[in-house]
Amino acid sequence: MEDPSVQVQAPRVLNVLEALKQASVDLQAHPSSNSAEFNSSAIKALLELETESDALLSEDPHLSTLSQHLADLKTLVQTLHKSRGRNSLRSFLARRVSTHSISRVAGSIETEIQAWIDREHIERLTKALKDLDGDGGNVDELVKLLTQFEDRVSQGFSRELQDLVLKSKVFSLLETILCNPSCSKSLREQSAYSIASLIRFNKDVFVGQVLMGPTVQALLTMSSTHSSKVLCELIKSIKSPLVDEIESNGEIPKIISLLDMKDLQMKLLAMDCILEIGYFGRKEAIDAMLEQGLVKKLVELQRSELGGDLIEMERFEEKEKNDRGVGAGGVVESKRESRERKFLKRHPFASCVARFAVQLEVGEGLRQREKRALKQEILLRVREASASDAEAATIVAEVLWGSSP
């Protein structure tokens, strides 16, 4: 059992270590042996903290190495001071060696401090996750801890941090919160973001837990903008294996049904997911989407006020040119992408049928013969779903123009 006195001291130790870490970072950034800098505020802060924190740090066995580094730093700084004012080659070399050693020790200090902070945060997080009761517990505090965790793992890979996460079984605890409908929506959504951050942190290690667990099902059940963002990110990160899992679990209809929601943001996120599935999905996943009436839904969206087609985009660009005046060719061309972004911002479902067809055409999930067959299937369904021959002709032309023959 953890010593209560250590728990009491933890916040105080954390404050001291944060100050030490910042000082060590500053010292690494300015390791010069110039007289104006080797007596810098960074070194002073480290040495002052070394003196006043010796007793405090000695209470935690994890900080014994840090205490030794601080003692080494004190010795190196004293050596550097002794060489000041001497112009001999030996003194010059001593200053160079001491300066390099100070920078190296400062780096070691930063590493040791970060390791302690990581341990402390992971321990607090896992305890809060385990202690969470059915009523949600201290949701605000836990959301704060999850946000800190997400920020930390987003800083880049660390073997030591990964070992802590695996040993503490953080992923399983996050998944438990995500799948628990008794927990608050904000807490479940932040757990989802933390899971996504672990995939970015090291996909090779954590992707298996996503594929084997209920994460995707929970995200679809939530049907919120945040859960949909995470789902789309996971599809982009894990690619075909996750799409295969979604299809085999019969989750494709849930994703297609999101296009029917009244909330525009949900429709847009559903469209993003569909385009990613189109890019990475194998034939079974694409067939499942088509069987759910995807093409008809896309035609209806393209027909809406938020839709449109490539011809309208060209007209929009022409209007922009007339309003602003046509300058040099290079200037006009450089503004083309900006005009397209503006058009798509106003018409987010413009040419959505052709955009989906292009994803299939350039994607990774289909064989070439499957791409050709599915393009013909899409064209057939466009003709069936169109309200007029003119509408069908426009969309068919876009699909044929946007895809390779």
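Trainee: Is E251 buried or exposed?
Mentor: E251 is buried, with a relative accessible area of 5%. Keep in mind that this is a predicted model.
Trainee: OK, and which residue does E251 form a salt bridge with?
Mentor: With K254, and the closest N and O atoms are 3.3 Å apart.
Trainee: How accessible is K254?
Mentor: K254 has 34% relative accessibility, so it counts as partly exposed.
Trainee: How many salt bridges does a search of the whole structure find?
Mentor: The search finds 11. One of them joins the side chains of D118 and R152, at 2.8 Å from N to O. That pair links distant parts of the chain, as D118 sits in helix α5 (residues 89–131) and R152 in helix α6 (residues 139–153), 34 residues apart.
Trainee: And are those two buried or exposed?
Mentor: D118 is buried, with a relative accessible area of 5%. R152 has 15% relative accessibility, so it counts as buried too, because the cut-off for buried is under 20%.
Trainee: What about K127, which residue does it pair with?
Mentor: K127 forms a salt bridge with D131, and their closest N and O atoms are 2.9 Å apart. They are 4 residues apart in helix α5, so about one helical turn separates them.
Trainee: Why does that spacing of three or four places matter in a helix?
Mentor: An α-helix has 3.6 residues a turn, so residues three or four places apart point the same way.
Trainee: Which residues other than glycine have a positive phi?
Mentor: K169 is one of them, with phi near 55 degrees. K169 is in the loop between α7 (159–168) and α8 (170–178), and at 57% relative accessibility K169 counts as exposed. Another is S223, with phi near 50 degrees.
Trainee: Where is S223 found?
Mentor: In the loop between α11 and α12. At 27% relative accessibility, S223 counts as partly exposed.
Trainee: So how do α11 and α12 pack?
Mentor: At an angle of about 145 degrees, with their axes 8 Å apart. On the α11 side the contact is made by T215, V216, L219, L220 and M222, and on the α12 side by S227, V230, L231 and L234. By class, that gives 7 nonpolar, 2 polar and no charged residues. The crossing of these two helices, α11 and α12, is left-handed.
Trainee: Last one: how many residues of α17 are buried?
Mentor: Helix α17 (residues 294–303) is mostly covered, with 7 of its 10 residues buried. Among them are L294, V295, K297 and Q302. The buried residues of α17 pack against helices including α14, α21 (352–362) and α23 (389–402).
Trainee: Great, thanks!

Definitions and conventions
Residues are numbered from 1 along each chain as its sequence is written. This is a predicted model: local features need pLDDT of at least 70, side-chain atom pairs count only at pLDDT 80 or more; totals for chains, interfaces and linings use all residues. Side-chain values use heavy atoms; hydrogens and water are left out. Buried means under 20% relative accessible area, exposed over 50%, partly exposed in between (1.4 Å probe, protein chains only). Contact means heavy atoms within 4.5 Å. Axes are lines fitted to C-alpha atoms, for helices over the stretch in contact, and angles run from 0 to 180 degrees between N-to-C directions. A crossing is left-handed if the near helix is turned anticlockwise from the far one by less than a right angle, and right-handed if clockwise. Ala, Val, Leu, Ile, Met, Phe, Trp, Tyr, Cys and Pro count as nonpolar, Asp, Glu, Lys and Arg as charged, and the others, Gly among them, as polar. A salt bridge is a side-chain nitrogen of Lys or Arg within 4 Å of a carboxyl oxygen of Asp or Glu.
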